[in-house]
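User: I would like to learn how to read a ligand site and aromatic pairs in a structural model. Please take one feature at a time.

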Amino acid sequence: MPAPRTVLLTGAAGGLGTLMRDLLPEYGYTLRLLDLHPVDGAPGAVVADLADKDAVREAVRGVDAIIHLAGISLEASFDKILRANIEGTYNLYEAAREEGVRRVVFASSNHAVGYTPRPRGDDPLIPVDTPRRPDTFYGLSKCFGEDLAQLYWDKHGLETVSVRIGSCFPEPTSVRMLSVWMSPADGARLFHAALTAEDVGHTVVHGSSANTRLWWDLTSARALGYEPRDDSEPYARKLIAEQGELDPDDPAHACLGGHFVTDPPIWPY
Ligand code: NAI
Ligand code: 15L
């Protein structure tokens, strides 16, 4: 497969989309942007709901690949999740199939497996084939997205790398995030690897930096050519001084998904 050059970035107005709009052009990509909301500083962005099949198909036409970030990124009612994340992702894959797009990078989440107990002590890292244990309807929609990706590979030959992102923000802001943080620069490295690796079929990877306190296995991400360069450890002393170590008896600290298991943040719209 020739390396993709023109990439549709959905969710371009969001937090991760804004970070990737800055970082991905350095890898030589020309980005086409799509979001429900206007994208700051990008008057040419497509402003469309993923529910609008015609607009989605037009946005997809002619691109080499898609990075699919758009959707509800926190917990919400099942009806909202159904429309934005489940039907919306289906509409995007259908448009990609119809327009002959070869590769999608899908923003899955740690919350697809959020009920997985976090490793303690000498426990092994969580493997990428750990059973699905969604912690929310939001996490469930990411399981759907991964399965949809598998179907479109098996049935239609449309490749996907599903990246179960830990926490991709400029800095880690909690003790839990020390274990699952992915720096924006490593996020761009991983997305670039996911766009360019050969013969991925449908591959699921964990998305984190090379954190000293890592909870999950990065082997399948490294196999794509991803070489993380960052580590959350420089933030550890300050965060632990402020928040304390994770409490082994607190259910909000027991699982990979953290407080999404006990008290998930709710999508405000
Ligand atoms: P965000 O909430 O900041 O951005 C999501 C964007 O999607 C927003 O700009 C929103 O307007 C857009 N959107 C929502 N519904 C839409 C629809 N129906 N049609 C078109 N656009 C729509 O979220 P963030 O943090 O940027 O995350 C991006 C993606 O990565 C999400 O899919 C999220 O689930 C996933 N993710 C992010 C993580 C992180 O640490 N930032 C961790 C794990 C997964
Ligand atoms: C996610 O999936 C969310 O979209 C993001 O806002 C963070 O909460 C992240 O997971 C996390 O687990 O820290």
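User: How far does a polar side-chain atom of His-111 lie from an oxygen atom of ligand 2?

Analyst: This is a predicted model, and the distance in it is 2.7 Å for His-111. Ser-109 also places a polar side-chain atom 2.8 Å from an oxygen atom of ligand 2, and for Ser-167 the corresponding value is 2.4 Å. Taken alone, ligand 2 exposes 310 Å², of which the protein buries 82%.

User: Which residues surround ligand 2?

Analyst: The surrounding residues include Ser-73, Leu-74, Asn-110, Tyr-138, Arg-176 and Phe-260. By class, the shell divides into four nonpolar, six polar and one charged residue.

User: How is a pair of aromatic rings described?

Analyst: One gives the distance of the centres and the angle of the planes. The whole structure holds five aromatic pairs. Among them, Tyr-138 and Phe-260 form a tilted pair, 6.3 Å centre to centre with 45° between the planes. This pair links distant parts of the chain, 122 residues apart: Tyr-138 belongs to helix α4 (residues 137–156), and Phe-260 to the segment after α8 (236–243). Trp-267 and Tyr-269 form an edge-to-face pair, at 5.3 Å and 80°.

Methods
Residues numbered from 1 in each chain as written. Chains lettered and ligands numbered in written order. Predicted model: local features only at pLDDT ≥ 70, side-chain atom pairs only at ≥ 80, totals over all residues. Heavy atoms only, no water. Near = heavy atom within 4 Å. Polar contact = N/O pair within 3.5 Å; in protein donor to acceptor, adjacent residues only side chain to side chain. Areas by Shrake-Rupley, 256 points an atom, 1.4 Å probe, with all protein chains shown as cover. Nonpolar A, V, L, I, M, F, W, Y, C, P; charged D, E, K, R; others polar. Phe/Tyr/Trp six-rings, centres within 6.5 Å; stacked < 30°, edge-to-face > 60°. Helix = DSSP H or I, 4+ residues; strand = E, 2+ residues; numbered from the N terminus.
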